[in-house]
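Work through these exercises with the model open beside you. Try each task before you read its solution.

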Amino acid sequence: MTSEGSNTTAITLRTPAKDDGFRLHQLVAECPPLDANSIYCNLLQCSHFADTGVAAEKDGDLVGFISGYIPPQKSETVFVWQVAVHEKGRGQGLAKRMLKEIVSRAACKNVTHMETTITADNEASWALFRSFARDMGAELEHHEHFEKDTHFGGKHDSEFLLRIGPFTKKP
């Protein structure tokens, strides 16, 4: 668990717990344009995938969360499913601190790469993952992975798969 703060109150990073599931659901709802998942899905993210997720708290409020997992076919890769930072936690480098927290965990001891998907217009996420790649001394490559019409029935923009790695620096 790490704690870093702004001028007023520290933001504490910790492993999620199943009691965070409903709070995560509320956080995502307050962080448009993130896609909402079911509360049940959020409960699984906070329990089954807790070791590869991170919860950020400030003054007892959940102000940030990253859900992720290690795909069974890629034991060297952590896949970041969703990054949520509430306005109360923005402007402090919280998202990148949470990414570094995840890759420093025992569950990620064999992880040398990170993957995620991002829409072309999500400039904040592109900037976050490019900065993370630089900090980790890693290459970043990307390609279209889920296509708007083929995979989303025209109802969601295409998602690009980013692959960062191998990491040459520690978080």
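**Exercise 1. How much space lies in the second largest pocket? Then find its lining and sort the residues by class.**

This is a predicted model, in which local features need pLDDT of at least 70, side-chain atom pairs count only at pLDDT 80 or more, and totals for chains, interfaces and linings use all residues. Residues are numbered from 1 along each chain as its sequence is written, and side-chain values use heavy atoms, with hydrogens and water left out.

Step 1. Know the term. On a 1 Å grid over the protein atoms alone, a pocket is an open set of points where a 1.4 Å probe fits, with protein on both sides within 12 Å along at least five of seven lines. Lining residues have an atom within 4 Å of a point. Grid points are joined across faces, edges and corners, and the volume is the space filled by probe spheres set on the points.

Step 2. Read the volume. The second largest pocket holds about 150 Å³ of space.

Step 3. List the lining. It consists of Val 103, Ser 104, Cys 108, Lys 109, Val 111, Met 136, Phe 167, Lys 169, Lys 170 and Pro 171.

Step 4. Sort. Ala, Val, Leu, Ile, Met, Phe, Trp, Tyr, Cys and Pro count as nonpolar, Asp, Glu, Lys and Arg as charged, and the others, Gly among them, as polar.

**Exercise 2. Describe the largest pocket. Which element supplies the largest share of its lining?**

Step 1. Start with the volume. About 970 Å³ of space lies in the largest pocket.

Step 2. Look at the centre. There are 36 lining residues, and the closest to the centre are Pro 33, Leu 34, Val 83, Asn 122 and Ser 125.

Step 3. Assign elements. Helices (H or I, at least four residues) and strands (E, at least two) are DSSP runs, numbered from the N terminus. Strand 5, helix 3 (94–103), strand 6 (113–119) and helix 4 (123–135) each give at least two residues to the lining. The largest share comes from strand 5, with six residues.

Step 4. Sort by class. The lining has 18 nonpolar, twelve polar and six charged residues.

Step 5. Return to Pro 33. It lies in the loop between helix 1 (21–29) and helix 2 (39–47). A cis peptide bond joins Pro 32 to Pro 33, with omega about 10°. Another cis bond runs from Gly 165 to Pro 166, with omega near -5°. Pro 166 sits in the segment after strand 8.

**Exercise 3. Follow strand 4. Why is it described as largely enclosed?**

Step 1. Count burial. Buried means under 20% relative accessible area, exposed over 50%, and partly exposed in between (1.4 Å probe, protein chains only). Seven of the nine residues of strand 4 (residues 61–69) are buried, so the rest of the structure largely encloses this strand.

Step 2. Find the partners. Two strands pair if DSSP finds at least two bridges between them. Strand 3 (residues 54–58) pairs with strand 4 in the antiparallel sense over five bridges. Here Val 54 stands opposite Ile 66. Strand 5 (residues 77–85) also pairs with strand 4 in the antiparallel sense, over six bridges. Phe 65 faces Ala 84 there.

Step 3. Check the turn. The hairpin of strand 3 and strand 4 has two residues between the strands. Asp 59 lies in this loop. Its phi is positive, about 55°, although Asp 59 is not a glycine. Asp 59 counts as exposed because its relative accessibility is 57%.

**Exercise 4. Explore the largest nonpolar core. Which residues touch the most other members?**

Step 1. Define it. A nonpolar core is a set of buried Ala, Val, Leu, Ile, Met, Phe, Trp, Tyr and Cys residues joined through side-chain atoms within 4.5 Å.

Step 2. Of the 30 residues in the largest core, Met 114, Phe 129 and Phe 167 touch the most other members. Helix 3 gives this core its largest share, six residues.

Step 3. Inspect helix 3. Eight of its ten residues are buried. Among them are Leu 94, Met 98 and Ile 102.

Step 4. Contact means heavy atoms within 4.5 Å. Not counting residues up to four places away in sequence, Phe 129 touches residues including Val 80, Leu 99, Met 114 and Leu 162.
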